[in-house]
Amino acid sequence: MNAAALWQRYQDWLYYHDGLEVYLDISRMRFDDRFVEQMQPQFEQAFQDMADLEGGAIANPDEQRMVGHYWLRDSDLAPSEDLKQDIIQTIQDIERFTRTIHLGEIRPPQAEKFTDILSIGIGGSALGPQFVSQALAPDAPPMAIHFFDNTDPAGFDRVLSRLGDRLRSTLVLVISKSGGTPETRNGMLEVQNAYQKQGLDFSRHAVAITGRGSGLDKLATSQGWLTTFPMHDWVGGRTSELSAVGLLPAALQGIDIQAMLSGAKEMDVATRAATLKGNPAALLALAWYWAGNGKGEKDMVVLPYKDSLLLFSRYLQQLVMESLGKEKDLDGNVAHQGIAVYGNKGTTDQHAYVQQLREGVPNFFLTFIEVLHDRADHQPSIEVEPGVTSGDYLSGLLQGTRTAIYDNDRDSITVTIPDVTPRHVGALIALYERAVGLYGFLVNVNAYHQPGVEAGKKAAAVILELQHKVVEVLKQENSPIAIAALAAKAGAPDDAEAIYKIVRHLAANDRGITLHGNARQPGRLTVSL
């Protein structure tokens, strides 16, 4: 396609939102008019399905739950007055609690004010807050935030070491809907231990964000924690950033949560349009469908050209991959759906993997995230060359990469926002939440459950139960025992490899287990306690 035709195509397919000043360009995706026409009936159904979902339809049949994260930024849409008031009250409670913390009206026993936040969560309870913190936290926030987002002991130690004596002025947020998430529970227990070692009362530092009546809710109440905030059962983890999960840590860092909610609400309105060209989320879903033939055959590479948006691709990994990565469709047929997401930031990636993107395996499409204003304060930049600023370079490299990959038959989408502000971050979150929902309807999968995640948790529980059995067998042995014999006595003769890895881990961490023999021949090792 020549330059004049590309310019016309750009104009034909450019979406612009006047209020938010957000642009969406899918002109460098090579779909044609025939494809768009063929997709129209599916989009009409998807628009209806989305309207039903927002109206309170059961969209997660596995758990008999509604999907209501859209209500969080427009409580008038909630299907009942009780839900509406719950949403309003939660936001008011977050703002009130934040004020009392910042003013020192609620303070730790051994400090004048809380200075730091330690947020303990996993998956959506960490990725959203981390992304928003990186994007929006002021350079000198009223409270600095730290994260436990794994069950890695070395990671715990690193964060606690950085906090040091400030542990006494740290507010701990424990985030788990059920209260039974192992990684979050482990992090909480590690922190409780750290507080105990310093002679501090953990309960005077702790806040729970959890489901009402959950085990964590009951624990927080019985131990007299500072307060609790709700995780509603109609909000999934990957869409929880605009609930208490994300709003509380954001508010404590001094981020304008009302602006985030306002931007999301405004984008939600735009993405309710029941016309393809008038709906930016539908345009994204159309482009994704085209890129992967409706089967996720190409990966989504996300490149934000702004340092503050570094974690956007990580946030989108969960939102897109956990929502769309499904073995079966809604009819029970094996479909193996999904879209793989990865990315870092521009222009860093131009010195990393853009070489492969342009000339290697064409198994991807790119999403550029462009920010128009070079500096957050809109101040002019110095010239690094005559007539050229560093921001001009950033813009030029984005445009150049877009052109270079298109010229070599690689497709791309460009999302442009004027600034990285709470309002525009809220809009980006809403845009992609809706795009995922619409795409899920297009490919006939349930975007609101995650059976694969639960399967992994169950498998981990099996390993830990096996570990208990192995240790009990070893306690009865008077001499070293071979791995195969140990597996048989543990009642798991087919799990010799898993048992070998269990005892190797226990031995490495001084848990009383000793391995005898050559590490290169694990089948010949013997084990003793």
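This is a predicted model: local features need pLDDT of at least 70, side-chain atom pairs count only at pLDDT 80 or more; totals for chains, interfaces and linings use all residues.
**Exercise 1. Which backbone nitrogen does the side chain of Ser 178 reach?**

Residues are numbered from 1 along each chain as its sequence is written, and side-chain values use heavy atoms, with hydrogens and water left out.

*Solution.* 
- Step 1: Ser 178 sits in the loop between strand 7 (170–175) and helix 6 (182–197). Helices (H or I, at least four residues) and strands (E, at least two) are DSSP runs, numbered from the N terminus.
- Step 2: Find the partner. The side chain of Ser 178 reaches the backbone nitrogen of Gly 180 at 3.0 Å.
- Step 3: Not counting residues up to four places away in sequence, Ser 178 touches Thr 210, Ser 214, Gly 215 and Leu 216, where contact means heavy atoms within 4.5 Å.

**Exercise 2. Classify the ring pair of Trp 13 and Phe 31.**

*Solution.* 
- Step 1: Recall the rule. Rings of Phe, Tyr and Trp (its six-membered ring) pair if their centres lie within 6.5 Å; planes under 30 degrees apart are stacked, over 60 edge-to-face and the rest tilted. The whole structure holds 21 aromatic pairs.
- Step 2: Apply the rule. The centres of Trp 13 and Phe 31 are 4.9 Å apart and the planes stand at 90°, so this pair is edge-to-face.
- Step 3: Locate both rings. Trp 13 belongs to helix 1 (residues 3–13) and Phe 31 to the loop between strand 2 (22–25) and helix 2 (33–54), so the pair ties together parts 18 residues apart in sequence.
- Step 4: Check burial. Trp 13 and Phe 31 are both buried, meaning under 20% relative accessible area (1.4 Å probe, protein chains only).
- Step 5: Look wider. Ring pairs join Trp 13 and Phe 31 into a cluster with others, including Phe 35, Trp 288 and Tyr 439.

**Exercise 3. Describe the lining of the second largest pocket.**

*Solution.* 
- Step 1: Take the volume, about 750 Å³. On a 1 Å grid over the protein atoms alone, a pocket is an open set of points with protein on both sides within 12 Å along at least five of seven lines, and lining residues have an atom within 4 Å of a point. The volume is the space filled by probe spheres set on the points, which are joined across faces, edges and corners.
- Step 2: Assign helices. Helix 15 gives the largest share of the lining, seven residues.

Key. Buried means under 20% relative accessible area, exposed over 50%, partly exposed in between (1.4 Å probe, protein chains only). A polar contact is a pair of N or O atoms within 3.5 Å; within protein, one must be able to donate a hydrogen and the other to accept it, and residues adjacent in sequence count only if both atoms are side-chain atoms. On a 1 Å grid over the protein atoms alone, a cavity is a set of points where a 1.4 Å probe fits but cannot get out, and a pocket is an open set with protein on both sides within 12 Å along at least five of seven lines; lining residues have an atom within 4 Å of a point.
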